[in-house]
Amino acid sequence: MTTDVGRPHLHFTTQAGWINDPLGLTFHDGRYHLFFQFVPGQTEWGPEQHWGHATSEDLLHWTEGPVALSPGDGDGGVWSGSVAVPEGQPAALFYTSVDLDDVQVGRVRVARPTDDAWTGWVKKDVVAELPADLDAVAYRDPYVFHDGACWRMLLGAGFTDGTAAALTYRSDDLEVWSYDGLLATRHRDETEPVWTGAVWECPQMVRLGDRWVLTVSVWEPFEPHYEAYAVGDLVDGRFTAESWHRLTFGPSYYAGAAYTDAAGAPGLVYWLRGIDDPAGRWASAHSVPHALRLEGGRVTAAPHPQVALARQGDASTIRDDAARVDVHSDVVLRLDDPAAHASLILGDAALALHVASGDVTATTDAGSWTMPVDGTSLRILLDGPVVEIFTAGGTMAVPIPCVGPTLEARVAGGASADVWSLR
């Protein structure tokens, strides 16, 4: 864990460079392995992406290891993908290989580990490319999972007519893949109940109970937006959406990546945009892992239970008052009733949270963002320059300035806040 006050403690950042998509979070050989797309030594986006690798015993405190994959050997950039681990067999890492003269349409290559600790990987063949009869403006981000009958690979795409899509490929052995059509599509002009853009990046499939959930990162060339999802059924490689919803709010969350923890519970982890080191050593971060549940046909997210295990001592309670709190804290804001009006102000208005009419609005110097509460409880993770907010109606992440080890938290209106420091 870093002692740098201005750096997150529980939100992963690379040691030096610009980080974006989390990739292939997997429990293997007694520890968690997190891969991530990044540009070493830079603090801004660049097409010559690499795959980094870090490990953890608790999903919160990470040790960065050697770079897993770098450009070269036919790759101009090594972009997003996933990791599959068949029982009793070596892992397979699937990634997007791009040419620097056309980074929007990639191809899928596989890599295999050189050791059981996954510290080295050898690139293998290209296993999937855009079918010649599809007129796409984007094609990338392989996500591999087993649907109960065969291995499936999803590719995010968008067509020239404004249709966002997830393509599907199938395999029995993770070696030979065949194109199997369109898993799901939705046109950018469809806006109710949620707009899902012209391109789907990082499509993921998550099994919650007896339902399937398709999550997509909404992209409108050339701007990333938020995470949306559909609840439905997956039959023979075709996903039928029963309902569409928005999962994330605010300026930061993007590129959700599905994972399964050591207990078999599903979740998502995100790239957090807009988190910067004032000293210019690193930029961006990852969210803490989110645990997912399906309640009443809607997906709800909460911090993984490991976060609560990182609390130190007993909670302090604030009501109609102010107190100094650690800049690494876990806060539960409890509303007196669903219609309550309340506020939580952090620092010298670095972040103001206002609850009214069943919504919460987060305001910083950079802007304001609103999401539904759908209940009487808000969970707020404060981790240096990162704030994540969880309600039954969604999740929101915002960056804030971090200038010291503590800040003032002021609670007013019909609510009280329980606050724990995080180790």
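## Pockets, cores and strands in a predicted model

Strand β1 gives the largest share of the lining of the second largest pocket, 3 residues. The structure is a predicted model, in which local features need pLDDT of at least 70 and side-chain atom pairs count only at pLDDT 80 or more, while totals for chains, interfaces and linings use all residues. Residues are numbered from 1 along each chain as its sequence is written, and side-chain values use heavy atoms, with hydrogens and water left out. Helices (H or I, at least four residues) and strands (E, at least two) are DSSP runs numbered from the N terminus.

**Pockets and the cavity**

On a 1 Å grid over the protein atoms alone, a cavity is a set of points where a 1.4 Å probe fits but cannot get out; a pocket is an open set with protein on both sides within 12 Å along at least five of seven lines, and lining residues have an atom within 4 Å of a point. Points are joined across faces, edges and corners, and a volume is the space filled by probe spheres set on them. In the table, Ala, Val, Leu, Ile, Met, Phe, Trp, Tyr, Cys and Pro count as nonpolar, Asp, Glu, Lys and Arg as charged, and the others, Gly among them, as polar.

| Space | Volume | Lining by class |
|---|---|---|
| Largest pocket | about 720 Å³ | 21 nonpolar, 11 polar and 3 charged residues |
| Second largest pocket | about 340 Å³ | 9 nonpolar, 4 polar and 4 charged residues |
| Largest cavity | about 70 Å³ | 9 nonpolar, 3 polar and no charged residues |

The largest pocket is lined by 35 residues, and V83, Y143, V144, Y259 and T260 lie nearest its centre. The elements that give two or more residues to this lining are β1 (17-28), β5 (77-84), β9 (136-146), β13 (199-208), β18 (253-260) and β19 (266-276). Around the second largest pocket there are 17 lining residues, with W45, W79, R140, E201 and W219 nearest the centre. Here the elements giving two or more residues are β1, β5, β9 and β13.

The count of cavities of 30 Å³ or more comes to 1. Among the residues that line the largest cavity are L10, H11, F12, L59, W62 and H286.

**Two cores**

A nonpolar core is a set of buried Ala, Val, Leu, Ile, Met, Phe, Trp, Tyr and Cys residues joined through side-chain atoms within 4.5 Å. Buried means under 20% relative accessible area, exposed over 50%, and partly exposed in between (1.4 Å probe, protein chains only). The largest core has 47 residues, and those with the most contacts inside it are L183, W200, M205, L214, F239 and V299. Strand β15 (residues 223-235) supplies the largest share of this core, 6 residues. Contact means heavy atoms within 4.5 Å. Leaving aside neighbours within four places in sequence, L214 has contacts that include L183, W200, M205 and F239. A second, separate core of 34 residues includes L346, L351, V398 and V419.

**An enclosed strand**

Strand β3 (residues 50-56) is largely enclosed by the rest of the structure, because 7 of its 7 residues are buried. On one side of β3 are H50, G52, A54 and S56, on the other W51, H53 and T55, and all are buried. Two strands pair if DSSP finds at least two bridges between them. Strand β2 (residues 31-40) pairs with β3 in the antiparallel sense over 7 bridges, and H33 stands opposite T55 in β3. Strand β4 (residues 63-64) also pairs antiparallel with β3, over 2 bridges, with A54 opposite E64. A hairpin is formed by β3 and β4, with 6 residues between them; L59 in its turn has a positive phi of about 75°.

R334 stands opposite S416 in β34.

**Backbone details**

The peptide bond from E192 to P193 is cis, with omega near 0°; P193 lies in the loop between β12 (178-187) and β13. Another cis bond joins P221 and F222, with omega about 5°. F222 lies in the loop between β14 (211-220) and β15.

C202, which is not a glycine, has a positive phi of about 50°. This residue is in strand β13 and counts as buried at 6% relative accessibility. A349, also not a glycine, has a positive phi near 60°. A349 is in the loop between β26 (342-346) and β27 (351-356) and, at 44% relative accessibility, counts as partly exposed.
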